[in-house]
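Visitor: I am new here. Could you show me the structure and then walk me through it?

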Amino acid sequence: MIKVLFFGPVAERIGNNSLQVEHRPGIRLQDVRDELAAQYPQAFEIVCFAAANGEHVRDMSLPLADSSEVAFMARFSGG
Amino acid sequence: MKDAVRIQQEDFSQDEEIRLLQASSKRMGGIATFLGCARDFSEGREVSEITFDAYGSMALSELNRLRSDAIEKYGLLDARIVHRIGTVKGGENIVFIAAGAEHRVAALEACRWMIDELKQRVPIWKKEITPQGDAWVTPHP
């Protein structure tokens, strides 16, 4: 399984802090994003950044291993 | 000894952070600090408190990387960053950044760079609680 985390405004729009997506061979970060964006379009309207295993990811073609932790995040507003 | 980079619910002491920074090197000739506070008024509305959500483990590792990058980029002797999460009331402290260098220019520039980078790189989100309702803050450029 792939654990997907949500925070702040994205978590609020999804109504959950985390979801699980089934891992399949060759699955990429973009596939997870596409799958969830279709289910939660309002939440993904504000998604600007993605992370895999706690690191920023810019290349959405990143292949994901089983048990990966990914996050789809809105623009940050700390400080 | 408190870590140089922390994310915590409780308030912090600027004096203590500066004392710890200063104790790290006697070559330090300049210390620049930034203190971010919670405003009680924003976008024309009263704000009673602010709540913060964070991707805790990633935020801490990004803050540590930010500190290391600043030390390397500006040749700092040391730097400290503390960010609060949870609930912060109007007028209270949110974030403290301190940069120590041999001379003032590096300290001042590094301090400014760290708070600007923090806003771009560190996964923390703030929500303003107002009498009219709650709203996640849309970042300013």
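Guide: One term to begin with: the radius of gyration is taken over C-alpha atoms, and the globule rule is 2.2 Å times the number of residues to the power 0.38. This is a predicted model, in which local features need pLDDT of at least 70, side-chain atom pairs count only at pLDDT 80 or more, and totals for chains, interfaces and linings use all residues. Residues are numbered from 1 along each chain as its sequence is written, while chains are lettered from A and ligands numbered from 1 in the order in which they are written.

Visitor: What radius of gyration does chain A have?
Guide: Chain A has 79 residues, and a compact globule of that length would have a radius near 12 Å. The C-alpha atoms fill a box of roughly 35 × 25 × 15 Å along the principal axes. The value for chain A agrees with the rule: 12 Å.

Visitor: Which pattern does chain A follow along the sequence?
Guide: Helices (H or I, at least four residues) and strands (E, at least two) are DSSP runs, numbered from the N terminus. Chain A has three helices and five strands. Read in order, they give β-α-β-α-α-β-β-β.

Visitor: Which sense of pairing do β3(A) and β5(A) show?
Guide: Two strands pair if DSSP finds at least two bridges between them. Strand β3 of chain A covers residues 49-52 and has four bridges to β5(A). Across this pair, Ala51(A) stands opposite Ala71(A). The sense is antiparallel.

Visitor: Which residue takes a positive phi in the hairpin of β3(A) and β4(A)?
Guide: Three bridges join β3(A) to β4(A), residues 55-57, and the two run antiparallel. Ala52(A) stands opposite Glu55(A) here. Two residues lie between the strands, and the one with a phi near 50° is Asn53(A).

Visitor: Is Met73(A) buried or exposed?
Guide: A residue is buried if 20 or more other C-beta atoms lie within 10 Å of its own, exposed if 12 or fewer, and partly exposed in between, with C-beta atoms placed from the backbone. Met73(A) sits in strand β5 of chain A. Because 23 other C-beta atoms lie within 10 Å, Met73(A) is buried.

Visitor: Which residue of chain B is in contact with Met73(A)?
Guide: Contact means that two C-beta atoms, placed from the backbone, lie within 7 Å. Leaving aside neighbours within four places in sequence, Met73(A) is in contact with residues of chain A including Phe7(A), Val10(A) and Phe49(A). From chain B comes Pro123(B).

Visitor: How many residues of chain B are in contact with chain A?
Guide: On the chain A side, 14 residues take part. The elements giving two or more of them are α1 (8-14) and β5 (69-73) of chain A. By class, this side has eight nonpolar, five polar and one charged residues (Ala, Val, Leu, Ile, Met, Phe, Trp, Tyr, Cys and Pro count as nonpolar, Asp, Glu, Lys and Arg as charged, and the others, Gly among them, as polar). On the chain B side, the count is 22.

Visitor: Which are the edge strands of the open sheet in chain B?
Guide: Four strands line up as β7-β5-β9-β10, with antiparallel pairing. Inside that order, six bridges join β5 (residues 49-54) to β9 (residues 124-130) of chain B. One bridge pairs Ala54(B) with Ile124(B). The strands that pair on one side only are β7 (86-89) and β10 (133-136) of chain B.
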